[in-house]
Amino acid sequence: MNDSINLKDYIREIPDFPKPGILFRDITPLLAEPKAFQAVVDRLADYYRDKQITAILAAEARGFIFAAPLALALGARFIPIRKPGKLPFETRAFHYELEYGSDSLEMHTDSIHSDDRVVIVDDLLATGGTISACIELARHSNAEIVGCAFLIELAFLNGREKMNDCDVFSLIHYDAE
């Protein structure tokens, strides 16, 4: 693993996207640099390697980018969590409230079990709404949630507070907008 790579160097900041007042953290430069992308996967895998992880869960779409290679690195199953109507088999849904409305996520009913040890992965922790919904889906299956992992954490938005005592591991922290 290359600890000398500063991952923040590969995050592009785009002001006023997708709307005025938002400073968007663009991960595409990191994805375009194989050594930086590999460093992310390696650092996440090193953190979870000795924790007997059996499944990696991730909400679409950017969470998939890091969750799938992490699952391979740990020899664990990759479990996609998707928007309603996107999974072909019987699903379990979790409905949650957003600042301006509501949303839902689904996963296959047979994807995780009570004896699973899972990590939930996403690219970014902001307010914590999406990852909290993923946690609830996993808890409904009585799986043990070992942790929640992120490339980026916007600490000033206090998303950790919604993690329901989940161990949070993030590689890049932003303490202020």
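**Close-up views of a predicted protein chain**

**View 1. The largest nonpolar core of the protein chain.** In this predicted model, the largest nonpolar core holds 30 residues, and those with the most contacts inside it are Leu7, Ile56 and Leu151. At least two residues of this core come from each of helix H2 (34-48), strand E3 (55-59), helix H3 (62-74), strand E7 (117-125), strand E8 (144-154) and strand E9 (168-174). Helix H2 provides the largest share of this core, with six residues.

**View 2. The surroundings of Leu7.** When its neighbours within four places in sequence are set aside, Leu7 is in contact with Leu30, Ala36, Ala39, Val40 and Arg43, and also with Leu151, Leu171 and Ile172. Leu7 and Leu151, which are in contact with one another, are both listed among the residues with the most contacts inside the largest nonpolar core.

**View 3. Ile112 in the loop between strands E6 and E7.** Ile112 is placed in the loop that lies between strand E6 (101-108) and strand E7. Ile112 counts as buried because its relative accessibility is 2%, where the cut-off for a buried residue is under 20%. Not counting residues up to four places away in sequence, Ile112 touches Ala55, Leu57, Arg77, Ile79 and Met107, together with Val118, Ala138, Ser141 and Ala143. Between Ile112 and Glu144, which are 32 residues apart in sequence, the distance from C-alpha to C-alpha is 9.9 Å.

**View 4. The whole protein chain, as context for the close-ups.** Four helices and nine strands make up the secondary structure of the protein chain, and along the sequence these elements follow the pattern β-β-α-α-β-α-β-β-β-β-α-β-β. The radius of gyration of the protein chain, 16 Å, is close to the 16 Å that the globule rule gives for 177 residues, so the chain is as compact as a globular protein of that length. The C-alpha trace spans about 40 × 40 × 30 Å along its principal axes, and 44% of the 177 residues are buried. Of the contacts between residues at least 6 apart in sequence, 57% join residues that are at least 24 apart.

Terms used
Residues are numbered from 1 along each chain as its sequence is written. This is a predicted model: local features need pLDDT of at least 70, side-chain atom pairs count only at pLDDT 80 or more; totals for chains, interfaces and linings use all residues. Side-chain values use heavy atoms; hydrogens and water are left out. The radius of gyration is taken over C-alpha atoms; the globule rule is 2.2 Å times the number of residues to the power 0.38. Buried means under 20% relative accessible area, exposed over 50%, partly exposed in between (1.4 Å probe, protein chains only). Contact means heavy atoms within 4.5 Å. A nonpolar core is a set of buried Ala, Val, Leu, Ile, Met, Phe, Trp, Tyr and Cys residues joined through side-chain atoms within 4.5 Å.
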